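Please read the following report alongside the sequence and the three-dimensional model.

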Amino acid sequence: MSHPDYYKILGVSRSASEEDIKKAYRKLARKHHPDLNPGDARSEAEFKKLSEANDVLSDAEKRKNYDTCGDPNGPGTQPPPGFQQGAGFAFEDIFAGFGGRPARSGPERGEDLVHAVRLGFREAFEGTRLNLRVNRSEPCLACRGTGETNRKQEQCRTCQGKGKVAGGSGFLSFGRTCPDCRGRGLRVPACSDCDGVGRHARQEAVAIAIPAGVEDGARLRVAGKGEAGRRGGGPGDLYLQISMEPDARFERKGPNLYVKLPISFSEAALGAKVEVPTPEGRPQTIKVPPGTQTGARLRIKGQGMPVPRSTQRGDLIAEVELVTPMIQDERSKDLLRELADLNDAEVRKQRSGT
Ligand SMILES: [Zn+2]
Ligand SMILES: [Zn+2]
């Protein structure tokens with residue numbers, strides 16, 4: 001079965017952090033909550049969609065499954081019964097996690113980050129060193145990523161220990177289980193450094209060596225530079241998604257480089273020594289054999305792209321392009337006519353197929 005675009009429903013990007021998702025959901029859930037829109041079928045439907053989207057995206061495992069195979073339950077599984085019907089959703093579900101209390105108790109690895117990097121031909125050929133500024137998170141030092149303090153449980157401030165949130169105005173104008181203590185009236189005080197989130201957003205300078213010969217579409221992993229883990233879990237990884245700017249001169253196919261080699265009619269007919277541009281910028285002289293046709297490929301071994309993390313290189317392949325001259329002067333025309341008389345019989349024969 002197919003699933004809707006949960007990111008679109010919550011209005012967040014695919015790289016949204018857990019915090020972004022939580023925020024977006026809270027905002028929209030308040031707007032469409034059935035208690036605030038009694039009898040409004042559209043709001044109710046909207047609210048069900050929001051709950052489903054939040055259910056998937058706020059759960060690291062479901063989100064990963066959804067991102068990788070389009071199904072929050074992983075490949076080849078069915079959704080839990082009743083999930084789609086959305087009948088009788090519980091308030092506890094809706095508010096779970098609102099107080100910053102982790103839904104699970106074990107260590108959780110941080111999310112991976114993907115950073116797009118566009119490289120010019122020279123950078124890809126020589127390799128380069130990038131200094132990126134990456135928006136990532138670090139575990140909160142004060143609470144070691146737990147979001148909680150070591151202090152004893154104390155009366156929940158949200159509900160003054162009653163376990164229920166009642167009265168008030170607006171969104172809270174109905175009685176329900178306190179989301180922060182889940183009805184117990186007591187809670188371990190949240191870490192004041194990180195407001196119970198367990199990590200801090202920060203921008204970090206990350207220096208990365210890009211190997212010579214890196215290919216378009218390559219994904220380079222930088223271990224440990226993703227989002228911080230939770231409750232002692234390790235950090236995720238940072239991935240660099242490489243794309244290449246096309247080069248005006250060299251076309252790349254795997255490790256081989258192709259370059260156009262314009263040659264004149266006489267060079268092609270008589271043979272010549274011509275200079276071919278190389279990626280290093282030092283032209284290399286090669287021999288064009290007599291009778292070379294347009295489209296002929298002349299290969300220079302080992303002058304192509306480096307193979308990443310090896311000492312090997314691909315080949316440089318010069319593709320011959322015959323340049324037909326625009327003849328203006330009478331003397332050249334006479335010479336060519338004379339040449340035609342001597343040489344064109346063979347071409348005429350090929351053309352008539354005899
Ligand atoms: Zn903290
Ligand atoms: Zn409470």
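In which loop is D237 found? D237 is found in the loop between β8 (219-222) and β9 (238-244), where helices (H or I, at least four residues) and strands (E, at least two) are DSSP runs numbered from the N terminus. This is a predicted model, in which local features need pLDDT of at least 70 and side-chain atom pairs count only at pLDDT 80 or more, whereas totals for chains, interfaces and linings use all residues. Residues are numbered from 1 along each chain as its sequence is written, chains are lettered from A and ligands numbered from 1 in the order in which they are written, and side-chain values use heavy atoms, with hydrogens and water left out.

**Overall composition**

The secondary structure of the protein comes to 9 helices and 15 strands. Of the 354 residues in the protein, 36% are buried, a term that means under 20% relative accessible area, with exposed meaning over 50% and partly exposed in between (1.4 Å probe, protein chains only). Among contacts (heavy atoms within 4.5 Å) with a separation of 6 or more, 65% involve residues 24 or more positions apart.

**Buried residues**

| Residue | Relative accessibility |
|---|---|
| C140 | 1% |
| D237 | 7% |
| F250 | 9% |
| F121 | 13% |

Not counting residues up to four places away in sequence, D237 touches R109, E111, D112, L113, R221, V222, A223, G224, K225 and G226. C140 has its place in the loop between β2 (128-139) and β3 (154-155). Leaving aside neighbours within four places in sequence, C140 is in contact with G145, C191, D193, C194, G198, R199 and H200. C140 and D195 are 55 residues apart in sequence, and their C-alpha atoms are 9.9 Å apart in space.

**Helix packing**

The axes of helix α2 (residues 18-32) and helix α3 (residues 41-57) come within 9 Å and cross at roughly 165°, the axes being lines fitted to C-alpha atoms, for helices over the stretch in contact, and the angles running from 0 to 180 degrees between N-to-C directions. That angle makes α2 roughly antiparallel to α3, given that angles under 35 degrees count as roughly parallel, over 145 as roughly antiparallel, 65 to 115 as roughly perpendicular and the rest as oblique. The contact is made by I21, Y25, L28, A29 and H32 of α2 and by S43, E46, F47, L50, S51, N54 and L57 of α3. These residues divide into 7 nonpolar, 4 polar and 1 charged, where Ala, Val, Leu, Ile, Met, Phe, Trp, Tyr, Cys and Pro count as nonpolar, Asp, Glu, Lys and Arg as charged, and the others, Gly among them, as polar.

Helix α3 also packs against helix α4 (residues 60-69), at an angle of about 100° and with the axes 6 Å apart. The two helices α3 and α4 are therefore roughly perpendicular to each other. D55, V56 and L57 of α3 meet K62, R63 and Y66 of α4 in this contact, and the residues divide into 3 nonpolar, no polar and 3 charged.

**Aromatic pairs**

Rings of Phe, Tyr and Trp (its six-membered ring) pair if their centres lie within 6.5 Å, and planes under 30 degrees apart count as stacked, over 60 as edge-to-face and the rest as tilted. By this rule the count comes to 4 aromatic pairs. F121 and F250 form a stacked pair, with 5.3 Å centre to centre and 15° between the planes. F121 lies in helix α6 (residues 121-126) and F250 in strand β10 (residues 250-253), so the pair ties together parts that are 129 residues apart in sequence. Ring pairs also link Y6, Y7 and Y66 into a cluster.
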